[in-house]
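Me: I would like to learn how to read the contacts and the helix packing in a structure like this one. Could you take me through it step by step?

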Amino acid sequence: MIAAMGLFALLDANSKLLSGTYPVEQVVAIRYAALLLVLFAGRAAVPGLGGRLDTAHPFLHLTRAAFMVGSGVGFFQALRTIPLAEGYLVYFTAPFMTLGLAALVLRERTGPAVWGWSLLGFSGVAVAMWPGLSVSGPWDAYLWALFATGCYAAVMTINRLLRHETGAAALILWSSLPGLLALAPFAAMGWVRPGVVDLLALSVNGLLAGGATVCLAIAFRYDSAARLAPLEFSALVFAVGLDLAVWQVLPSGWTLGGAVIVVFALVMSQRAASHLQAKPSGNA
């Protein structure tokens with residue numbers, strides 16, 4: 001799980017470096033193309049690698065692919081302006097959104113305590129954003145990050161509906177190929193010819209995304225979501241480290257204060273949700 005968070009942070013940092021030169025459609029399309037190339041090269045070397053490619057739920061996979069494109073584009077646009085750490089704080093509200101979607105879509109029980117802690121978590125993000133909440137502040141970046149986080153929460157919800165389809169090959173194919181087909185025309189219209197080094201950097205995004213996906217799959221094979229979820233906070237450590245190493249940006253006191261509130265609220269929200277799920281229902 002920690003390896004996955006590190007790879008995602010490297011993916012976002014690499015995308016942030018590329019964002020000043022290349023349009024988002026090109027960056028994300030090349031990411032998908034590289035990931036598909038690795039998938040089929042791996043299956044050519046090892047037949048059947050990653051399991052079956054077909055699915056019994058094509059509509060769910062296509063919906064998931066659409067939200068993944070939204071998440072990738074949203075974070076790319078957000079990180080053009082704000083540091084990784086600030087973007088990740090907004091991302092940490094995804095579990096709260098997932099709880100809401102689980103209640104609406106999956107009809108899972110969600111008690112008032114869970115919603116109370118969720119509100120506290122969103123207030124933590126507001127604390128971190130407070131210095132930039134002015135007329136001239138990076139409102140568009142925060143809105144893009146919020147949009148991307150909502151898309152990511154939708155992906156996590158659909159993943160739960162697809163939990164019985166465990167093959168990595170199908171997950172990669174059905175998320176990458178529709179995304180590539182959707183973005184390719186827009187990427188072609190705004191294409192910026194990359195040099196050899198930049199083409200390599202653009203392609204590395206696919207490897208980072210694929211590696212993170214595999215690490216997540218392995219993590220959830222060995223332990224439960226409840227035990228693994230707190231390890232997602234390691235992403236903030238990677239984000240702060242990369243902000244400092246690459247852009248010489250230290251998190252502000254507001255960012256650190258907001259991070260403490262978000263982490264505490266998420267831990268308490270998960271505890272409340274686990275306690276609620278452990279209770280027998282009235283029909284039991």
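Me: Which residues does T149 touch, not counting residues up to four places away in sequence?

Reply: Contact here means heavy atoms within 4.5 Å, and by that rule T149 touches F75, V90, Y91, T93, A94 and M97. This is a predicted model, in which local features need pLDDT of at least 70 and side-chain atom pairs count only at pLDDT 80 or more, while totals for chains, interfaces and linings use all residues. Residues are numbered from 1 along each chain as its sequence is written, and side-chain values use heavy atoms, with hydrogens and water left out.

Me: Is T149 buried or exposed?

Reply: Buried means under 20% relative accessible area, exposed means over 50%, and partly exposed lies in between, with a 1.4 Å probe and protein chains only. T149 has 0% relative accessibility and therefore counts as buried, whereas Y222 reaches 66% and so counts as exposed. T149 has its place in helix α7, and Y222 lies in helix α9 (residues 196–222); helices are DSSP runs of H or I with at least four residues, numbered from the N terminus.

Me: How do I describe the way in which two helices pack?

Reply: Two packed helices are described by the angle between their axes and by the distance between those axes. The axes are lines fitted to C-alpha atoms, for helices over the stretch in contact, and the angles run from 0 to 180 degrees between N-to-C directions. For α4 and helix α7 (residues 139–161), the axes come within 9 Å and cross at roughly 45°.

Me: What is that arrangement of α4 and α7 called?

Reply: Angles under 35 degrees count as roughly parallel, over 145 as roughly antiparallel, 65 to 115 as roughly perpendicular and the rest as oblique, and α4 and α7 are therefore oblique to each other. Their crossing is right-handed, a term used if the near helix is turned clockwise from the far one by less than a right angle. On the α4 side the contact is made by E86, V90 and Y91, and on the α7 side by Y142, A145, L146, T149 and Y152.

Me: Which residues of α2 and α9 meet?

Reply: Q26, V27, I30, R31, A34, L35 and V38 of α2 meet L202, S203, N205, G206, L207, A209 and G210 of α9. Sorted by class, the residues of this contact are eight nonpolar, five polar and one charged, where Ala, Val, Leu, Ile, Met, Phe, Trp, Tyr, Cys and Pro count as nonpolar, Asp, Glu, Lys and Arg as charged, and the others, Gly among them, as polar. The two helices pack at an angle of about 60°, with their axes 7 Å apart, which makes α2 oblique to α9.

Me: How many residues does the largest nonpolar core have?

Reply: A nonpolar core is a set of buried Ala, Val, Leu, Ile, Met, Phe, Trp, Tyr and Cys residues joined through side-chain atoms within 4.5 Å. The largest one has 37 residues, and those with the most contacts inside it are M5, L84, Y88, L89, Y91, F92 and L236. Helix α4 (residues 84–91) gives the most to this core, with six residues. Apart from it lies another core, of 22 residues, among them L18, V24, I172 and L202.
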